[in-house]
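Here is a short report for a reader new to this structure. Look at the sequence and the model first, then read on.

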Amino acid sequence: MKVKDLEFKKLITAERIEKKIASLGHQIEKDYQDKVPLFLPVLNGSFMFAADLMKVITIPCRISFVKISSYAGTVSTGQLKTLIGHDESLFGLDVVIIEDIVDTGLTLQKIMDELKGLGARSVETVALLRKSPAREKNIEVKYVGFELEDEFVLGYGLDYDGLGRNLKDIYRKV
Ligand code: IMP
């Protein structure tokens with residue numbers, strides 16, 4: 001499949017994604033059964049993952065979207081903008097960040113730092129995908145769907161220059 005100038009090949013099917021999300025959701029429900037977590041999906045990439053994950057979770061919870069961006073094309077620019085979207089206090093709340101993918105971990109670390117400053121009782125992360133740089137740097141992600149090598153992927157919310165977010169499967173660049 002071609003997207004702009006690049007060729008992509010299917011890596012993870014929609015069926016596998018669905019099964020993985022069911023198991024992630026059940027694990028999170030179990031861990032938070034006595035709490036009322038606040039889920040913070042990080043836009044844009046996590047919109048599809050967040051929607052499917054939230055449908056699996058049946059315990060009382062809140063959802064509020066945040067946004068930050070560090071990518072232009074297929075290489076992380078390393079230039080982080082600030083977190084926008086959530087302006088209420090997080091005092092005493094159990095926050096679960098929902099990320100599509102953790103690559104270098106820069107984005108996640110920035111978000112974690114900002115949230116701790118807002119008084120959250122606990123902050124954990126669920127990421128559908130985690131690449132090897134984050135693993136190597138020991139970026140803490142409590143719930144991980146799939147582990148990837150250092151490869152560029154798109155689909156299921158993830159984009160290449162704004163394209164491909166609508167695809168229901170995940171593809172990797174060949
Ligand atoms: P990090 O700060 O390097 O961990 O990058 C995290 C963000 O970059 C993710 O939330 C994605 O939006 C984006 N990103 C990282 N890797 C990919 C990829 O392979 N495809 C599309 N977007 C990616």
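Predicted model: local features only at pLDDT ≥ 70, side-chain atom pairs only at ≥ 80, totals over all residues.

## The ligand and its shell

Which elements supply the shell? S8 spans residues 94–102, and H3 spans 106–116.

Thr 107 has a side-chain N or O atom 2.4 Å from an oxygen atom of the ligand. For Asp 100, a polar side-chain atom lies 2.9 Å from a ligand oxygen. For Glu 99, the corresponding distance is 3.1 Å. On its own, the ligand has 500 Å² of accessible area, and the protein covers 91% of that.

## Helix H2 and its cover

Helix H2 runs from residue 47 to residue 56. Which of its residues are buried? They are Met 48, Phe 49, Ala 50, Leu 53 and Met 54. In an α-helix, residues three or four places apart point the same way, because there are 3.6 residues a turn.

## Ala 120, a buried loop residue

Ala 120 sits in the loop between H3 and S9. Is it buried or exposed? Its relative accessible area is 17%, so Ala 120 is buried. Beyond its neighbours within four places in sequence, Ala 120 contacts Leu 90, Leu 93, Val 95 and Leu 115.

Arg 135 is 15 residues from Ala 120 in sequence. In space, their C-alpha atoms are 25 Å apart.

## An aromatic cluster

The model has three aromatic pairs. One of them joins Phe 8 and Tyr 160, with ring centres 6.2 Å apart. Their planes meet at 50 degrees, so this pair is tilted. The pair links distant parts of the chain, with its partners 152 residues apart. Phe 8 lies in strand S2 (residues 6–12). Tyr 160 lies in the loop between strand S11 (153–154) and strand S12 (170–173).

Tyr 160 also pairs with Phe 152. Here the centres are 6.0 Å apart, the planes are 75 degrees apart, and the pair is edge-to-face. Phe 8, Phe 152 and Tyr 160 form one aromatic cluster. Phe 8 is buried, because its relative accessibility is 3%. Tyr 160 is buried at 7% relative accessibility, and Phe 152 is buried too.

Most residues other than glycine have a negative phi, and most peptide bonds are trans. Where are the exceptions? The peptide bond from Leu 43 to Asn 44 is cis, with omega near 0 degrees. Asn 44 belongs to the loop between S3 and H2.

Tyr 156 is not a glycine, but its phi is positive, at about 50 degrees. Asp 161 also has a positive phi, near 50 degrees.

Terms used
Residues numbered from 1 in each chain as written. Heavy atoms only, no water. Buried < 20%, exposed > 50% of the residue type's maximum accessible area, 1.4 Å probe, protein only. Helix = DSSP H or I, 4+ residues; strand = E, 2+ residues; numbered from the N terminus. Contact = heavy atoms within 4.5 Å. Polar contact = N/O pair within 3.5 Å; in protein donor to acceptor, adjacent residues only side chain to side chain. Areas by Shrake-Rupley, 256 points an atom, 1.4 Å probe, with all protein chains shown as cover. Phe/Tyr/Trp six-rings, centres within 6.5 Å; stacked < 30°, edge-to-face > 60°.
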